[in-house]
Amino acid sequence: MNKICLYLQKLINQDITLTSPRRKLILVNPISRHSAGFTGDPSTSYMPLGLGVIAALTPACWDIELIDESFEEAHFREADLVGITAFTANAPRAYEVATLFREQGVYTVMGGVHASVMHEEALNYVDTVITGEAEIAWVKFLKDFEANNPARLYTGGIVSSDNIPKVRREIFKYPYVSDLIQTSRGCPMGCDFCSVTMLCGKQYREREVEEVLNELEECRRPLLFIVDDHLVNNNKAGRERAISLFKGMVDRKLNKLWFGQASLNFADDEEVLYWAARSGCQLILLGIEAENPQALKDAKKKLNLNRGVDSYKTAIKRIHRHGIAVLGAMIFGMESDGPEELYARRDFILNSGIDAIQSSIMTPLPGTGLYERMKAGKQIVLNNYPSDWRFYHFMHATMGTSKMSRDELETTMKDIWFSMYNKDNIRKMMFRTLRRTRNPKAAYWVYGTNHNYGRIVLEHLINDQPDGLNRNLEWNSGKRSIYLKLTDYLLILLYAFSWNKMVDRFRGRTVGS
């Protein structure tokens, strides 16, 4: 650990003696009950990594308990302090949890992306708000709290990568399937719809590779999610760092199967792709967003505009050659979108070589340039805050476009989503992935990912009625296409000879790679 981290740890633990009173800190990851999202399935319920950082920054005289509402509902229990984090869609539930504890006299503090941009709102429901990154501000807040003099607002700002501690992983008691790790912070893209740049800045801050590898050796779960928003920076040094990280994972024999997030430049360097694949990369999310230059201009997606939409298929093919599948992040409901543009985007997805689909409706998150423009233009329809924040989960239209009303956009998206996530198409996409990548593990991951997103966007069709879908996206009536019946036999072979170990991994059982 570098000198600054050692200094921080000393600062955290100073004044702690054997006679220090024990205190209880409860950390809560609240989950909205409005939409199930990724919850309810251990393979898609991700550990709240930020709360692991908070735990690492907390002195040894504090007992820490995590409540993750992906697995259990928060109820009152005795504590000295409750810390809460929340994305925007979960903010109303976060306020409910805070009220639950405040009514019993427990002090509450809130951080995370929503509280950082809406701190005046959050202060109506919690005792203290910490904005920005927490590494310095949390330490200051705790010292003030222990001295019975906490402030209402602490500004964390943006910290040096030297200050980022290893996550305290023993608090993650739930049956998460994936370990999460962050190797860098910040994103230079500055997309109009994204809050990452606002919260973490444009400067790309990289942790030391050896420090990351040491933390990876502590990760014991069968799958890994590298949560960096921009995994490979847009320069030679960024590519060399990525190669060093991936080589280190191979040299240390970590045997991880992993998924990450990147921009299109991930495909620029064959050596980056080679070592990413060697280190266990099976699936990479690419922020493609749209195939239409005007839509990219709407979103201020400058990197993709500069590269040109014609470059997409070449990049995807290059990634496939290394046995890595592509999760394409696509946005519907850009300002210039009408029905014709939406269906054209759907057709592009189905013919582009994208393996798994993350399709969302453009949502004006607070703190973004998009939100400020739409708010100023009075174009946001669902604006009864904080209650309406529960709709800001990217699967619900909160506003219309220049060519469509909010209701028209939402109705059109239901049709488009079913055409992409119906069982037949999901299976066809899986077999295409198998052919393109020649990697059965990547094909399995794609098959599961498309099912997961399908369950989210088709939630309105999943029920126990005869005309409804089950969670496997099959009709409850038993109606099945000839294609599904015929390819069932191929799936039996895949499960028998290749996918059995992947099933174990996605159920949380550690197996050989």
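Start by selecting Glu133, which is buried, with a relative accessible area of 5%. The model is predicted.

The side chains of Glu133 and Arg185 form a salt bridge, 3.4 Å from N to O. Glu133 belongs to the loop between strand 5 (128–131) and helix 6 (137–146), and Arg185 to strand 8 (residues 184–185), so the bridge ties together parts 52 residues apart in sequence. Arg185 is also buried, at 8% relative accessible area.

Move to Arg93 and show Glu69 with it. Their side chains meet in a salt bridge of 2.6 Å, N to O. Arg93 sits in helix 3 (residues 91–102), while Glu69 is in the loop between strand 2 (62–68) and strand 3 (81–85), so this pair ties together parts 24 residues apart in sequence. Arg93 counts as buried at 12% relative accessibility, and Glu69 is buried at 5%.

Glu73 lies in the loop between strand 2 and strand 3, so its pairing with Arg93 in helix 3 links parts 20 residues apart in sequence. Glu73 is partly exposed, with a relative accessible area of 40%.

For a network of salt bridges, select Arg169, Asp179, Arg207, Glu211, Glu215 and Arg221. The structure holds 41 salt bridges.

Finally, turn to the largest nonpolar core, which has 160 residues. Helix 18 (residues 440–457) supplies its largest share, nine residues. Phe141 is among the residues with the most contacts inside this core. Leaving aside residues up to four places away in sequence, Phe141 touches Leu81, Tyr107, Val109, Thr128, Ile130, Pro150 and Tyr154.

Terms used: Residues numbered from 1 in each chain as written. Predicted model: local features only at pLDDT ≥ 70, side-chain atom pairs only at ≥ 80, totals over all residues. Heavy atoms only, no water. Core = buried A, V, L, I, M, F, W, Y, C linked by side-chain atoms within 4.5 Å. Buried < 20%, exposed > 50% of the residue type's maximum accessible area, 1.4 Å probe, protein only. Helix = DSSP H or I, 4+ residues; strand = E, 2+ residues; numbered from the N terminus. Contact = heavy atoms within 4.5 Å. Salt bridge = Lys/Arg side-chain N within 4 Å of Asp/Glu carboxyl O.
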